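Dear colleague,

Please find below the structure I am handing over to you. My findings follow it.

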Amino acid sequence: MTIELDKLTQDEAAGIDHHDKPQPGTWTEAFGLGTGPVSLKDSYDPAFYEDEKIAVFKRSWLYMGRVDQLARSGTYFTKELTFLGVSILVIRGMDDEVRAFHNVCSHRGNKLMWDDDPRAETHGSCRQLACKYHGWRYDLEGQISYVHNAPEFFDLQEEDLALPAISCEVWAGFIFINLEETPRQSLRDFIGPEVGKLESYPFHEMTQRYVMDAPVNSNWKILMDAFQELYHVPYVHSKMNNPSGPPTGTDKVPFMMPAFRVFGKHRIYTSGGPHANEAVRSPRPLDDFFGSSFYGPVDAPEISGIGDGVNPAKVENWGLDSWQVYPNLDILIWGHRNWYLTYEYWPTGPNTHRFIWNIYFVPPKNARERLAQEQTVLSVREFAIQDTGAVDAMQEALKTGVRDEYHFCDQEVLARHLHECVQGDVDDLRAERAGAGEQG
Amino acid sequence: MGAGTLLPERFSDLEPFAQIWALPTANERCDRRLEATMEEMSSFYDAVLPRGDEIFDYLDTFDYPDLPDSAIHLVWLLCALSVVSFSVDVFKQPRVPDAGEGTLPITVEPAL
Amino acid sequence: MTTAHISGLTEAEAAGIQTFEKPAPGSWTESFGLKTGPVSFRDNYDPAFYELEKEAVFRRSWLYMGRAEQLPRAGTYFTKELTFLGVSIVVIRGMDNEIRAFHNVCSHRGNKLMWDDDPRAETHGSCRQLACKYHGWRYDLEGQISYVHNAPEFFDLKEADLSLPKVSCESWAGFIFINLEETPSQNLGEFLGPDLVKLESYPFGQMTQRYVIESEIDANWKLYLDAFQELYHVPYVHGLMNNPNVPATGIDKVPFMVPAFSIHGKHRCMTSGGPFANKKVRAGRPVDELFRGDFFGPKDAPDVGPLGDGVNPSGIDPWGLDSWQLYPNLVILTWCQNWYITYEYWPTGPASHKFVLTGNFPKPKNATERLAQEHSFVTTKDFTMMDANTLEATQLGIMSEGRTEFNLCDQEVAIRHLHQVVHDDVAALLNERQG
Amino acid sequence: MSANAMLPTAFSDLEPFAADWACESEPERYDRRLASSMDELQAFYDAIFPRAKAALDFLDTKDLDDLSDQELNLLRMLYSLSTISFAVDCFKQPKIPDSGSAYLRVISEPVP
């Protein structure tokens with residue numbers, strides 16, 4: 001039986017790329033992680049979800065958006081963290097600083113910035129923040145600047161009327177907030193030195209932006225897991241290897257990851273991208289037509305350099321870095337193709353989340369480049385739709401609770417790490433509560 | 001060039017496809033694919049694919065992004081080709097297989 | 001930014017504003033013995049508070065059910081679903097012309113007695129007896145059992161025990177109320193108090209041309225009530241409507257000052273100038289002239305005889321509108337242009353409620369009068385829509401707890417009073433429970 | 001007068017709008033407002049506004065409870081003018097600004 005489990009077909013064995021693993025022979029052990037089965041109760045249990053909201057999302061730095069979205073003083077966007085009951089307003093002040101506030105008017109608690117649908121996110125540019133209800137206004141730094149019919153009020157203290165500020169810091173042009181009263185770490189400490197080096201990458205040169213935004217029927221971690229391993233690729237995306245031929249052994253060749261790294265709560269995989277299992281893959285006719293594919297446009301645009309943060313494992317034939325910034329941000333950087341993506345996974349319930357996906361290119365210089373980018377976006381979208389369908393099925397099965405423990409292989413080490421970090425945070429919260437209970 | 005004509009004269013053979021597929025947004029093009037039959041998409045694919053070099057050369061004669069409307073329609077037509085291509089050469093069906101309710105609406109995309 | 005700036009009015013605002021005397025010691029709020037500090041709006045979303053409120057407020061107050069005109073003859077009835085309390089009420093006019101209310105429950109096996117198609121939906125109609133759909137038991141129009149199908153099969157049935165469970169029911173000025181207490185601590189007249197009782201002399205009975213609007217609103221019931229018991233929001237939520245023909249200028253932002261507030265026990269009245277308020281800075285629309293009607297009502301008010309001695313309790317001149325807020329959840333607006341509106345706010349959860357609005361006019365005599373009414377009503381509806389969505393934004397803002405204390409000005413005194421009365425009722429309940 | 005005229009002869013100039021705007025109930029009129037373009041609303045407004053006074057005078061000679069079908073349609077078109085008026089002269093859009101998914105459903109109204 002065991003032999004059967006280990007068997008690869010001849011075709012599979014012939015096409016597979018191999019890569020060295022660190023001591024003591026597996027990525028999982030090298031990172032000090034357990035190798036036993038993993039509980040996925042953290043991905044459907046409502047009680048776990050309630051604690052996770054506090055332990056993870058109310059205590060971590062959360063990604064809001066790019067500084068490119070706030071081009072000038074007075075530009076703003078809102079972010080609806082509906083699962084936490086919080087609406088965030090991110091705005092660039094007259095002093096050019098980016099700040100975040102609770103999006104709540106100090107008068108009667110009306111939501112301050114919204115457009116038509118108070119539940120929907122909005123963005124724009126303003127000279128002052130004006131409430132639609134009774135006209136109170138705030139300056140771009142959140143201070144009260146106008147109270148309609150002010151003489152009718154009693155003892156208003158100007159300083160009490162400022163919009164409630166939220167800790168907000170920027171790293172590499174990525175804007176983060178932290179909902180703790182006083183964050184336990186600065187953003188830079190939270191990010192850490194290795195991920196931090198990524199700020200040398202020229203993200204700011206890639207401002208041609210596509211956004212996709214969809215509700216997904218799975219726990220946020222389940223889709224995040226799908227994007228931190230390539231073990232599923234030959235099955236969910238078998239057509240990627242050999243799109244034009246019938247299914248053969250070739251389309252089932254396993255993808256082996258050249259390198260994983262764990263940095264605190266964050267992690268990265270680096271893969272060959274277009275070079276992975278190159279011997280057994282074949283392109284689509286349309287990829288040639290557009291000079292572009294899933295991996296990005298072939299004729300990469302000029303950029304000023306790639307900095308010293310990418311490809312930390314120094315993988316030869318570097319194709320892709322997928323950085324998973326805890327808790328729910330992925331940054332994918334394509335080697336030699338010079339474009340990047342961000343994925344955000346925002347919980348909406350124990351079994352659902354909102355998936356937001358941004359794609360960034362260097363602005364195209366001509367129609368050919370514009371179309372090559374379009375072809376890439378649409379190719380990525382096809383596969384992502386497959387992934388969202390696959391996790392929908394998985395969540396349906398998981399939430400039956402029929403089995404609590406599941407098996408993660410060495411190629412799935414990052415998924416194991418994510419669940420361990422999340423479960424660790426929730427355990428800490430529960431231990432604190434138990435401690436407080438004992439003392440009380 | 002008649003009223004309602006979308007494409008430059010020299011691509012008038014593609015005009016019937018432009019009337020259906022030269023839609024301004026990715027979401028409209030993706031929705032159109034879901035409504036289309038495989039025959040419609042194959043004939044569109046087969047008609048446009050061989051004209052690719054000619055279309056790209058034509059588009060290269062303009063300063064980007066200041067394209068005349070007829071050239072913009074050509075860009076949209078090629079964007080639609082990209083949309084239908086997966087159905088034609090990979091999935092052999094309009095929908096992504098096993099995607100269930102999966103959908104990824106595009107909420108921000110570049111102008112043009 | 002200086003404090004002076006916060007306190008300022010722009011010149012355009014100051015020029016257009018109508019101002020009114022306030023009672024000693026200088027503010028409505030203090031004159032009513034209310035505090036002036038910041039308030040918490042936790043009572044607008046906290047589930048635990050909501051549970052207490054249902055008990056302390058809605059199970060102990062007189063609740064408005066409908067108008068006497070809805071029951072024109074013996075045997076006419078309507079049901080009211082108080083789903084949030086788990087109670088269904090049937091209100092019916094008996095052979096003796098009395099209006100009574102009963103729990104809408106058959107005495108046999110507890111089936112809901114009067115319903116049509118959907119047992120959750122309200123219904124109305126006319127009947128000679130109340131008949132249960134399940135086993136055919138029947139009750140007369142006064143709630144007494146009148147027929148038990150195959151009665152010999154039962155054991156020791158006592159006719160007296162089989163009446164429909166009665167709910168205390170009284171009418172005032174044609175408004176029918178019930179009270180769910182076993183024995184109400186006050187009768188309806190005592191509950192309303194002498195000032196509201198006087199409003200009985202208003203000719204509500206003549207205004208039978210009726211419109212009804214319903215909506216489910218994602219906001220606590222008190223939030224919508226609050227929106228309609230101040231005019232402070234008008235220049236911003238409805239600024240366009242004051243002066244539709246100009247772009248946003250200072251003029252559309254002139255504050256509205258309420259000429260008079262009055263407190264009547266748990267109830268309140270806000271009296272305003274209506275069509276006369278800030279008149280010099282407002283401008284009408286061409287259709288208003290065409291139809292001889294606007295938000296304030298038909299311009300050529302029909303003759304309805306004297307308005308009685310209940311309206312305009314503060315005696316302001318010129319009088320435009322009384323907005324009577326009857327505790328807990330009924331508002332009656334009587335306009336100088338001889339029509340009235342009612343609002344009801346029925347909780348459906350801590351952060352949602354069902355809103356019911358009626359517009360009531362005298363029967364029109366011709367197409368011109370009919371159109372003046374139609375135009376007044378649809379104008380009101382568009383105004384009200386703007387409030388409804390703002391409220392959902394407010395509910396979201398408050399629930400975020402991004403801020404937990406809010407500031408109410410003197411123009412918002414009625415809001416302060418409502419929340420105070422609700423809190424007092426809840427405190428009384430908690431006291432009883434502890435005692 | 002054609003056999004299937006919807007309006008009284010004196011108002012046959014408004015006939016082109018009658019099919020759309022002689023709606024029986026307020027919810028239908030409001031839905032029609034929301035489903036219309038501003039051009040459509042403006043065209044209806046501009047056509048009926050100058051004729052509205054004459055229509056009112058005409059209808060005032062009739063008994064409201066005994067109107068013919070044509071007269072009733074004319075009355076309903078005046079209701080529609082009221083329904084759309086805010087969209088045309090204030091909001092410049094069919095929907096009330098910032099009204100999101102809020103709604104107010106008229107569940108009872110006078111007849112006619």
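I begin with one pair of helices in chain C. Helix H4 (residues 47–58) of chain C and helix H11 (residues 413–434) of chain C have axes that come within 9 Å and cross at roughly 85 degrees. Because angles of 65 to 115 degrees count as roughly perpendicular, H4(C) and H11(C) are described as roughly perpendicular to each other. Please bear in mind that the model is predicted.

On the H4(C) side, the residues in contact are Phe49(C), Leu52(C), Glu53(C), Glu55(C), Ala56(C) and Val57(C). They meet Val422(C), Asp425(C), Val426(C), Ala428(C) and Leu429(C) in H11(C). By class, this contact of H4(C) with H11(C) comprises eight nonpolar residues, three charged ones and no polar ones.

As to chain A, it contains 11 helices and 21 strands. Its C-alpha atoms fill a box of roughly 85 × 65 × 35 Å along the principal axes. Buried residues account for 49% of the 440 residues in chain A. Of the contacts in chain A with a separation of 6 or more, 68% are between residues 24 or more positions apart.

Finally, the arrangement of the chains. Chain B and chain C are joined by no contact, and their closest C-alpha atoms lie 23 Å apart. Chain B and chain D likewise have no contact, with their closest C-alpha atoms 18 Å apart.

With kind regards

Note on methods:
Residues numbered from 1 in each chain as written. Chains lettered and ligands numbered in written order. Predicted model: local features only at pLDDT ≥ 70, side-chain atom pairs only at ≥ 80, totals over all residues. Helix = DSSP H or I, 4+ residues; strand = E, 2+ residues; numbered from the N terminus. Buried ≥ 20, exposed ≤ 12 C-beta atoms within 10 Å, placed from the backbone. Contact = placed C-beta atoms within 7 Å. Axes fitted to C-alpha atoms, helices over the stretch in contact; angles between N-to-C directions. Parallel < 35°, antiparallel > 145°, perpendicular 65-115°, else oblique. Nonpolar A, V, L, I, M, F, W, Y, C, P; charged D, E, K, R; others polar.
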